[in-house]
Amino acid sequence: MVKARVYKSPPGPKGHWLLGSLPEFRKDMLAFFRKVAADFGDIASYRLGPRRLILISDPALVEKMLVTDHKKYIKPYVQRLLRPIVGNGLFTSDGEFWSRQRRLVQPSFNRQHMESYAGIMALHTQRLLEGWRDGEEKDLHAEMMRLTLGTVSEAMLNVDAGSYSKQVARFIDVFVDYFERRLIGSASLPYIFPTPENLKMRRAVRGLEFILDEMISSRRKDPIGTDLLSVLMRARDESDSTGMTDRQLRDEALTVFLAGHETTTNALSWTWYLLASHPDVEEKLLSELREVLNGRSPTLADIPMLKYTEQVLLESMRLFPPIYALGRETVETVELGGYEIPPQTTVIASQWVMHYDSRYFDDPTRFNPDRFSRQSAKEIPKYAYFPFGGGPRYCVGKTFGMVEAALAVATLAPLYRFELNKDKPVYPRASVMLRPATGVHCTLRARKTRVP
Ligand code: HEM
């Protein structure tokens, strides 16, 4: 008789006999991750209901999972659950299919295309400014959402988000709510069952798919545009010269739309919050902007000179990583930190834990963009800091997001100071991404000493 293989789990919280650590996880996921890492070390395990998960908090283990052994993993089950909703796009697919899609999508983010996207980003930032007045109260999180939605809609689909804003906003709201419930394990039946929440999600999906299908059929007639959808439509795989089907195009457009919108929104919202509460950093930033731009609007060509602006963004994503944890599922037995991890186990690496580890970051809670100066950044071990993931599946839109955020900061910061509303404190909430729970409310203060 073949004996079942016995795996020894890394240490971890005992939890409830049936639910495991589900109650603590649901109550405060961010605090839970940190507590598990603090109490049980660089490799720990915990149970959510019947599932055992592994939390790794060591840069070498993260690199092993994302880079060296990446072929032994696929995307975790929570992400695969999204396939019926967002389709089989880059974010949710695996294996050969993913690899081909990545080859087709990657060139749409190259330098030549970035030129035209950067023009769109600048235009939408100007539009946002037109609606701002000195002394007005604004929620900067909502403002940044508007900015990135406008940019991504035009750059990706060549549409004014305004014309479809109702359906798009509805889809995003329903999607975020649905994903959150799945994540904490409270949405019960799979998507194919006609429960009220599944039906609501399906209606929202149909609304957005309808819009995308219309766009795809009109582009098929005239695919000469510079927007991502047209670029993807023309893309051909070198190995067999084939392109994407309408279904694949729709899935990729939806994926990029979702992945490219809330990530940058959150990166920017947290950056404004940190700048507003650290006048010394803000002053240093303004001094760079004065020196490089001398009062004019920034362009793509300025970005390499805006070193401190980039450091501010990187440090902001250290303290508030838009994606605060990423997971993979083992497809075979893997060795990790001296343990044998069985197939079909989810392994999590959390930026929220690792970006605050004092072994790699001095005084980790301090907002200090100088950590990312050319010299100091060399001292940060690879994979102690990974806001864009790593290995073959690192963020395909990294440059797009960084350019968009840098252009927004370099345009808006010299014109306005943001005075935080003390009655509405800013604090993080782990939703699909790490967002400011109740927004970033502030009063706009036009700067008096504008350079003409
Ligand atoms: C500050 C902004 C952004 C952050 C922090 C961010 C973060 C990430 C991370 C951590 C991953 C890897 C997830 C994993 O390994 O499981 C990822 C993947 C991805 N991101 Fe981003 N992202 C940002 C902006 C964007 C933008 C602007 C786009 C598109 C316009 C985008 C599109 C994608 C896509 C399609 C993937 C999946 C790539 C693949 O699996 O091949 N992201 N992103």
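In the predicted model, Tyr178 is located in helix α9, which spans residues 161-183. This tyrosine is classed as buried because 22 C-beta neighbours lie inside 10 Å, where 20 or more are required for that class.

With regard to overall architecture, the protein contains 18 helices and twelve strands. Its radius of gyration is 22 Å, close to the 22 Å given by the globule rule for 452 residues, so the protein is as compact as a globular protein of that length. Along the principal axes, the C-alpha atoms occupy a box of roughly 85 × 55 × 45 Å. Of the 452 residues, 42% are buried. Among contacts with a separation of 6 or more, 73% are between residues 24 or more positions apart.

Phe32, Phe33, Val36 and Ala37 are the buried residues of α2. Viewed down the helix axis, these residues fall within an arc of 125°, so they line one face of α2. An α-helix has 3.6 residues a turn, so residues three or four places apart point the same way. Ala38 and Asp39 are exposed on the face of α2 turned away from the buried side. The cover over the buried residues of α2 includes the helices α1 (22-27) and α16 (351-354), together with the strands β1 (43-48) and β2 (51-56). Just after α2, Gly41 adopts a positive phi of about 95°.

A corresponding analysis was made for α14. This helix has 15 residues and reaches 20 Å between its first and last C-alpha atoms, close to the 21 Å expected at 1.5 Å a residue. Its buried residues are Val281, Leu285 and Leu289. They cover an arc of only 75° around the axis, which puts them on the same side of α14. The other side of α14 carries the exposed residues Pro279, Asp280, Glu283, Ser287 and Glu291. Packing of the buried residues of α14 is against α13 (262-276), α15 and α18.

Just after α14, Asn294 takes a positive phi of about 50°, although this residue is not a glycine. Most residues other than glycine have a negative phi. Asn294 is placed in the loop between α14 (279-293) and α15 (307-319). Asn294 counts as exposed because it has 9 C-beta neighbours inside 10 Å, the limit for exposure being 12 or fewer.

Tyr383 likewise has a positive phi in a residue other than glycine, with a value near 70°. Its place is in the loop between α17 (374-377) and α18 (398-412). Tyr383 counts as buried, because 22 C-beta neighbours lie inside 10 Å.

Lys382 also lies in the loop between α17 and α18. With 12 other C-beta atoms within 10 Å, Lys382 is exposed. When residues up to four places away in sequence are not counted, Lys382 touches Pro59 and Glu63. Lys382 and Gln248 are 134 residues apart along the chain, and their C-alpha atoms are separated by 34 Å.

The surroundings of the ligand were also characterised. The ligand is surrounded by 23 residues, of which the closest are Gly260, Gly389, Cys395, Gly397 and Gly401. At least two residues of this shell are supplied by each of α12 (246-259), α13 and α18. In composition, the shell divides into 14 nonpolar, seven polar and two charged residues. Two of the helices that contribute to the shell around the ligand, α13 and α18, are also among the elements against which the buried residues of α14 pack.

Technical notes
Residues are numbered from 1 along each chain as its sequence is written. This is a predicted model: local features need pLDDT of at least 70, side-chain atom pairs count only at pLDDT 80 or more; totals for chains, interfaces and linings use all residues. Helices (H or I, at least four residues) and strands (E, at least two) are DSSP runs, numbered from the N terminus. The radius of gyration is taken over C-alpha atoms; the globule rule is 2.2 Å times the number of residues to the power 0.38. Two residues are in contact if their C-beta atoms, placed from the backbone, lie within 7 Å. The expected span of a helix is 1.5 Å times one less than its number of residues. The arc is that of the directions from the helix axis to the C-beta atoms. A residue is near a molecule or strand if its C-beta atom, placed from the backbone, lies within 6 Å of it. Ala, Val, Leu, Ile, Met, Phe, Trp, Tyr, Cys and Pro count as nonpolar, Asp, Glu, Lys and Arg as charged, and the others, Gly among them, as polar.
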